[in-house]
Amino acid sequence: MDISCVILNYNDANKTISLIEEIKDYSNLDHIIIVDNLSTDNSYEKLKKKESGKVTVLLSDKNGGYGYGNNLGIRKAYNEFHSSYIIIANPDVHFTEKNIEAMAEQLNKDKETCIVAPKALKPNGENQTLIAWKVQNLLDYTLSASMIYIKFFSKKYYDLNQFKNKKKVEVDVVPGSLLMVNAEYMMKYGMYDNGIFLYGEEETLALKFRKKHLKTVLLLNETYIHEHSVSISKSFPKAIKQKKMNLDSRFYLIKNYYKITKFQEKIISNFFKLAYFENRVIFKIKDFRNR
């Protein structure tokens, strides 16, 4: 059983190198594949110096986004290293050999599991706001473009009380910051959608694998730290630009993964324009209060 770890870097070489140093001696990790997403700084040159028998550094031909970059690493792991399982990790996470062992054990025991992840914690040890969430129906996913709707009315969230006293639960979606996938299933049915630059990648995987009756499992007894790196804000410093990208990805996902008519598409497009305006107003108010 060969296990690879794919780490996507964009203008964050120091953070990526820090993670390499943390995990390079893990006995149950066979390969570390770093994909530099055509950084605009000297990240690739710095990362290239860390190459070894265990560490491979790839340079993407373009900054095609989160999915595009990770797909390069996944193909490398499967086609050249013949990895059975692949870890997808953000540079700003901290995970252990025990996490790897537990994730691989779940994939070994249950061949219907395609994705498995530990529970994400903040650096202070508290639970992250979202440790898993549901695949939404068309109406809920559309209306969730509104910040007001997502905060007060969305059906996206699990009742975490149902997770109490359980070691693991089957869920729809886990955060993309750290997860392990069955490499064969990923290549055959999944892969990230290259049409999405950022945001929504987790939902596309969930929708693809749900069609094949494959499971996503959250390990509640296993935890990792996610620091929430500033790498996104380096590329898109204004929050409203990030929200616009989120809305664009959401609209792409709806058009390609939900069955909608041209009439529905027009209505959803207009609603997203209103949601964008709502977001601008909310961000302006927040910015004014923070001054």
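# Charges and rings in a predicted model

Glu265 is partly exposed, with a relative accessible area of 21%. Partly exposed is the range between buried (under 20% relative accessible area) and exposed (over 50%), with a 1.4 Å probe and protein chains only. This is a predicted model, in which local features need pLDDT of at least 70, side-chain atom pairs count only at pLDDT 80 or more, and totals for chains, interfaces and linings use all residues. Residues are numbered from 1 along each chain as its sequence is written, and side-chain values use heavy atoms, with hydrogens and water left out.

**Salt bridges**

Glu265 has a charged partner. Its side chain meets that of Lys262 in a salt bridge. The term needs a side-chain nitrogen of Lys or Arg within 4 Å of a carboxyl oxygen of Asp or Glu. The structure holds 13 salt bridges.

| Pair | Distance, N to O |
|---|---|
| Lys76 and Glu80 | 2.8 Å |
| Lys215 and Asp110 | 2.9 Å |
| Lys262 and Glu265 | 4.0 Å |

Lys262 and Glu265 both lie in helix 11 (residues 262–289). They are 3 residues apart, about one turn of the helix. Helices (H or I, at least four residues) and strands (E, at least two) are DSSP runs, numbered from the N terminus. Lys262 counts as exposed, at 68% relative accessibility.

Lys215 and Asp110 meet in a salt bridge. This pair links distant parts of the chain, 105 residues apart. Lys215 sits in strand 9 (residues 215–226). Asp110 sits in the loop between helix 4 (97–109) and strand 6 (113–121). Lys215 is partly exposed, with a relative accessible area of 21%. Asp110 is buried, at 18%.

Where does Lys76 lie? Its place is in helix 3 (residues 66–79). Lys76 is buried, because its relative accessible area is 18%. Its C-alpha atom is 14 Å from that of Val181, a residue 105 positions away along the chain.

Salt bridges also join into a network: Glu21, Lys24 and Lys50 are linked in this way.

**A positive patch**

Lys188, Lys211, Lys212 and Lys259 form a positive surface patch. Patch residues have over 30% relative accessible area and no salt bridge; like charges are joined within 9 Å, and nonpolar side chains (Val, Leu, Ile, Met, Phe, Trp, Tyr) within 5 Å. One of the four, Lys188, lies in helix 7 (residues 183–189). Lys188 counts as exposed, at 57% relative accessibility.

**Aromatic rings**

A pair of aromatic rings is described by the distance of the centres and the angle of the planes. Rings of Phe, Tyr and Trp (its six-membered ring) pair if their centres lie within 6.5 Å; planes under 30 degrees apart count as stacked, over 60 as edge-to-face and the rest as tilted. By this rule the count comes to 9 aromatic pairs. Tyr158 and Phe163 form a tilted one, 5.5 Å centre to centre with 45° between the planes. Tyr158 is buried, with a relative accessible area of 15%. Phe163 also counts as buried, at 7% relative accessibility.

Which residues do ring pairs link into a cluster? They are Tyr149, Phe152 and Phe153. Phe152 and Phe153 also take part in a nonpolar surface patch with Ile148. The patch is about 350 Å². Phe153 is found in the loop between helix 6 (147–152) and strand 7 (168–171). Is Phe153 buried or exposed? Phe153 is exposed, with a relative accessible area of 53%.

Notes: Accessible areas come from the Shrake-Rupley method with a 1.4 Å probe; for residues, only the protein chains shown count as cover. Lys and Arg count as positive and Asp and Glu as negative; His and the chain ends are not counted. The place of a charge is taken as NZ of Lys, CZ of Arg, CG of Asp or CD of Glu.
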